Amino acid sequence: MVADNSSTPLSVTLRVWRQAGPDQPGKFVDYPAKDLSPHMSFLEMLDVVNDELTTKGEEPIAFAHDCREGICGTCSCTINGKPHGPGRGVATCQVYMRSFRDGDVIVVEPFQAQPFPVIKDLVTDRSAFDKIMQAGGFITVRAGSAPDANSIPVPKEDADLAMDAAACIGCGACVAACKNASAMLFVAAKVSQLGLFPQGQPERDKRVLAMVGTMDSLGFGNCTNQYECSAACPKTISHDFIARMNRDYLAASFRHAFKPASASTGGAG
Amino acid sequence: MAKLESKVPSGPLADKWRKHKAEIKLVNPANKRKYDIIVVGAGLAGSSAAATLAELGYKVKSFVFHDSPRRAHSIAAQGGINAAKNYQNDGDSVHRLFYDTLKGGDYRSREANVHRLAEVSVNIIDQCAAQGVPFAREYGGLLANRSFGGAQVSRTFYARGQTGQQLLLGAYSALSRMVGAGAVELHTNSEMLDLVLVDGHAKGIIVRDLITGEIQRHAADAVILATGGYGNVFNLSTYARGSNASAIWRAYKRGACLANPCYTQIHPTCIPVSGDYQSKLTLMSESLRNDGRIWVPKKKEDRLKEPGAIAEVDRDYYLERMYPAFGNLCPRDIASRAAKRVCDEGRGVGETGLGVYLDFADAIRRLGENGVRERYGNLFDIYREITAESAYQVPMRIYPAVHYTMGGLWVDYNLMSNIPGLFVLGEANFSDHGANRLGASALMQGLADGYFVIPYTIGDYLASHKPGSRPSPDAPEFMAAEAGVRALNARLLANKTGVPVDHFHKRLGKIMWEHCGMARNAASLRKALQEIPKLREEFWATVKVPGSGATLNQSLERAGRVADFIELGELLCLDALTREESCGGHFREEHQFPDGECKRDDENFAFVSAWEFQGEGKAPLLNKEPLNYEFVKMSVRNYK
Ligand SMILES: Cc1cc2nc3c(=O)[nH]c(=O)nc-3n(C[C@H](O)[C@H](O)[C@H](O)COP(=O)(O)OP(=O)(O)OC[C@H]3O[C@@H](n4cnc5c(N)ncnc54)[C@H](O)[C@@H]3O)c2cc1C
Ligand code: FES
């Protein structure tokens with residue numbers, strides 16, 4: 001399978017969302033992009049267009065990016081209506097011009113979702129994800145207090161499944177793809193990863209309750225099982241994790257309601 | 001002249017760290033909350049430090065230019081992290097890891113620092129496993145290992161091809177916990193643009209809020225920089241586009257010594273450059289060298305033939321031939337130079353002739369396609385996305401690319417720079433990798449610094465400063481630094497017409513790669529030292545930064561960083577010119593053995609070059625910290 005390796009240059013029209021600031025109105029503006037190598041990445045194409053705009057004295061298009069290899073989760077464009085554009089299991093920075101045809105009109109927008117307000121052009125504010133993590137996305141372990149790593153064996157199947165979930169890059173495509181702007185896939189991935197380890201058990205209930213509660217309070221919507229999230233996920237994280245989290249959440253809510261709590265939580269020194 | 005006291009404790013090598021920990025000053029628990037610590041950067045080094053210091057009770061302010069700490073460049077590390085656990089029972093030990101790292105660094109690092117690194121490596125794995133980092137495991141549920149270059153034991157822990165991501169997310173979780181608990185104040189989208197000194201001590205920073213453009217002053221009792229490496233001085237590299245040197249460069253201009261800037265690492269296995277528009281180079285993890293075999297055709301005439309059409313006898317598996325003991329797993333500097341040599345001989349493959357094959361045919365025969373997919377599937381996918389070729393069917397084409405910088409701000413054993421109160425962690429410091437870093441040891445160092453070293457050593461500094469003695473952010477030193485930052489930004493925004501920033505970055509990169517890349521010589525370095533100041537002049541006269549400083553302005557961010565890279569590039573070349581020897585990643589063509597190996601000069605160059613800023617337009621001052629090897633004999637590296 002040596003895929004399309006042709007080097008014939010192509011020209012396209014970009015229809016880009018331009019918005020000067022958070023509270024400003026935005027609109028689509030067309031830009032021609034000519035004689036592009038098909039081996040150029042989509043973001044490199046934006047670099048070229050931006051250099052032309054700069055040379056003309058216009059403001060370049062603001063877009064988020066960093067690693068340009070699909071791991072940092074910074075890039076976040078909706079291309080032709082799909083978060084991260086054509087292709088499955090790739091982020092915006094891994095889209096290559098060979099995915100388009102000469103003469104195409106390519107519509108580029110920021111990830112649209114109410115909890116991700118636009119900052120400028122194609123850049124959005126995704127700090128809501130950090131807030132969810134701060135509420136419970138961790139196992140409490142003070143540096144220096146951990147037991148020997150091999151003293152807690154973990155079945156390979158569990159570790160592998162945890163790694164599948166942990167592959168999330170926190171880009172927010174799942175939210176942008178969901179008509180309800182649900183963050184369930186993001187939260188489920190972290191809850192599942194940590195819940196699969198013996199180390200994650202003590203805080204398991206607390207974690208899922210806190211993370212889901214914070215997610216709800218930040219304005220993310222509900223999951224109605226359309227699974228657009230998994231389809232748009234650059235790491236193809238399975239929606240099965242959502243079902244797993246729902247089970248955890250129910251069990252935790254139940255236990256939380258009925259579990260007797262110790263009256264003395266701190267030590268009296 | 002800067003005072004460079006390494007503060008290496010006395011006593012036997014293996015006891016130094018234990019003894020030091022027992023003897024350094026402590027801050028009592030009730031007083032810790034009275035100290036504010038600024039941590040710039042939240043990669044492995046910064047986030048582990050911020051989380052751990054907050055756990056201890058200090059008040060921490062964390063700053064990153066990214067929109068979230070989880071996006072730091074550490075996220076991109078693929079292959080793994082070393083630790084002397086000896087879980088494989090294959091003869092590993094703290095001493096062996098220490099020795100391999102020291103030797104890998106070509107005897108240009110500090111013995112005591114490297115030994116400490118090897119000692120705490122075992123704690124890192126414990127810490128990360130407890131955090132829920134999904135390390136690869138064997139069927140029995142215990143941790144798995146793989147091999148990396150420069151070692152004859154299997155001591156590298158990994159999480160598929162995403163080890164950096166998983167370790168960073170572990171540290172980010174720990175940091176998030178402390179943010180949630182109110183113990184860390186997190187400032188995202190915040191770029192440090194200057195360091196503030198009061199009475200000669202680091203007491204704060206000037207920051208630009210990248211979203212609103214606001215310039216802020218932040219004061220603290222100590223400042224930690226964990227801002228990563230400066231490899232993007234070459235423009236094309238495996239670094240993230242945003243990785244930059246501005247934090248360390250501006251600290252340098254405030255008096256912090258910059259050590260060994262010429263020690264840069266060129267990684268042998270990256271996807272070759274394909275066109276002028278290219279913005280970054282993608283690494284194919286060193287772990288691939290566990291199973292892939294590197295070769296080029298023996299005859300020049302064969303170089304454009306389909307690889308499958310070149311018979312086994314006509315192939316030159318040159319690493320296996322030249323370095324039979326380590327073969328494809330020899331250290332990076334050696335593998336990179338060997339690739340350059342065979343390409344210079346005209347035997348390089350691919351259209352540009354700048355490529356060698358990394359072939360998995362044998363591995364597929366041995367393990368089956370699925371076996372190979374299980375180990376390296378994600379890397380093969382990345383390769384296919386970028387090149388549109390399947391490495392299951394044709395060998396990968398690879399070429400060396402800039403990957404890591406061993407140089408960085410000078411620090412003592414406590415990780416404090418020569419500016420009191422300024423600490424430097426992770427890739428931003430110079431301390432542990434000498435002239436060449438072994439694979440899987442940067443992640444180890446970042447986490448060692450953050451989880452296990454700085455929590456002890458910072459106390460030694462703070463204990464001698466009364467709680468509450470930090471200056472106000474309205475002190476004149478802060479106001480002056482803020483004014484300086486504003487003036488610099490105004491200057492960058494001044495040109496009405498001109499040339500985009502990236503144009504200068506590309507040109508700088510070409511100068512650096514051509515004259516100060518894998519092989520360097522005096523004539524070529526002198527040429528670079530003429531060209532860079534000209535580029536700098538042209539930059540200020542013609543760079544065009546559109547828009548204003550009062551909103552998100554990505555051109556302005558880049559312009560500031562490129563301005564610093566141009567200056568840093570000049571110092572890097574000067575350091576390379578001054579170091580009249582070859583060692584590790586620094587290869588001077590004038591100093592080689594007949595077989596092309598590095599010719600080190602221990603008599604004259606067994607020192608750390610610590611450069612000190614002397615003012616704009618003035619030549620920097622070279623300070624030397626002698627490298628005294630008390631326990632290991634400096635010898636010629638041999639991987640044959
Ligand atoms: C592709 C790739 C693969 C690698 N694979 C491996 C591997 O397998 N094993 C290994 O050991 N090493 C590997 N490395 C090296 C290793 O990843 C890095 O050396 C290490 O992660 C650096 O960590 P750090 O914490 O020092 O810096 P970084 O992770 O680069 O973090 C820098 C931080 O500083 C912040 N920052 C920078 N400047 C400023 C500023 N002016 N103001 C505010 N914030 C700022 C950033 O926001 C970021 O948070 C790899 C490197 C690359 C490029
Ligand atoms: S830029 Fe990092 S994932 Fe796309």
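Predicted model: local features only at pLDDT ≥ 70, side-chain atom pairs only at ≥ 80, totals over all residues.
Strands of a sheet pair through backbone hydrogen bonds, and they may do so in a parallel or an antiparallel way. At one end of the order given above, strand 3 (residues 77-79) of chain A is joined to strand 4 of chain A by 2 bridges, and these two strands run antiparallel. Within this pair, Thr78(A) has Pro83(A), in strand 4 of chain A, as its bridge partner.

Turning to chain B, the reader meets another open sheet, in which 4 strands follow the order 16-10-18-19 with antiparallel pairing. Here strand 16 (408-409) and strand 19 (621-626) of chain B are the edge strands, and because each has a single partner strand, one side of each is left without a neighbour in the sheet. Strand 19 of chain B pairs with strand 18 (residues 607-612) of chain B over 6 bridges, in the antiparallel sense, and Val608(B) has Glu625(B), in strand 19 of chain B, as its bridge partner. Helix 15 (residues 554-578) of chain B packs on this sheet, where it touches strand 10 (258-259), strand 18 and strand 19 of chain B, and its direction makes about 145 degrees with that of strand 18 of chain B.

The last stop is ligand 1, which has 36 residues around it, and of these His66(B), Ser74(B), Gly79(B), Glu427(B) and Leu443(B) come nearest. A polar side-chain atom of His66(B) lies 2.7 Å from an oxygen atom of the ligand, whereas Gly79(B) has a polar backbone atom 2.8 Å from a ligand oxygen atom, and a polar backbone atom of Leu443(B) is likewise 2.8 Å from an oxygen atom of ligand 1. On its own, ligand 1 has 1000 Å² of accessible area, and the protein covers 98% of that. Helix 3 (44-56), strand 6 (190-198), strand 15 (396-405) and helix 11 (442-462) of chain B are the elements that give two or more residues to the shell around ligand 1, and strand 6 of chain B gives the largest share, with 3 residues. Sorted by class, this shell holds 18 nonpolar, 15 polar and 3 charged residues.

Note on methods
Residues numbered from 1 in each chain as written. Chains lettered and ligands numbered in written order. Heavy atoms only, no water. Pairing = 2+ DSSP bridges. Near = heavy atom within 4 Å. Polar contact = N/O pair within 3.5 Å; in protein donor to acceptor, adjacent residues only side chain to side chain. Areas by Shrake-Rupley, 256 points an atom, 1.4 Å probe, with all protein chains shown as cover. Nonpolar A, V, L, I, M, F, W, Y, C, P; charged D, E, K, R; others polar. Contact = heavy atoms within 4.5 Å. Axes fitted to C-alpha atoms, helices over the stretch in contact; angles between N-to-C directions.
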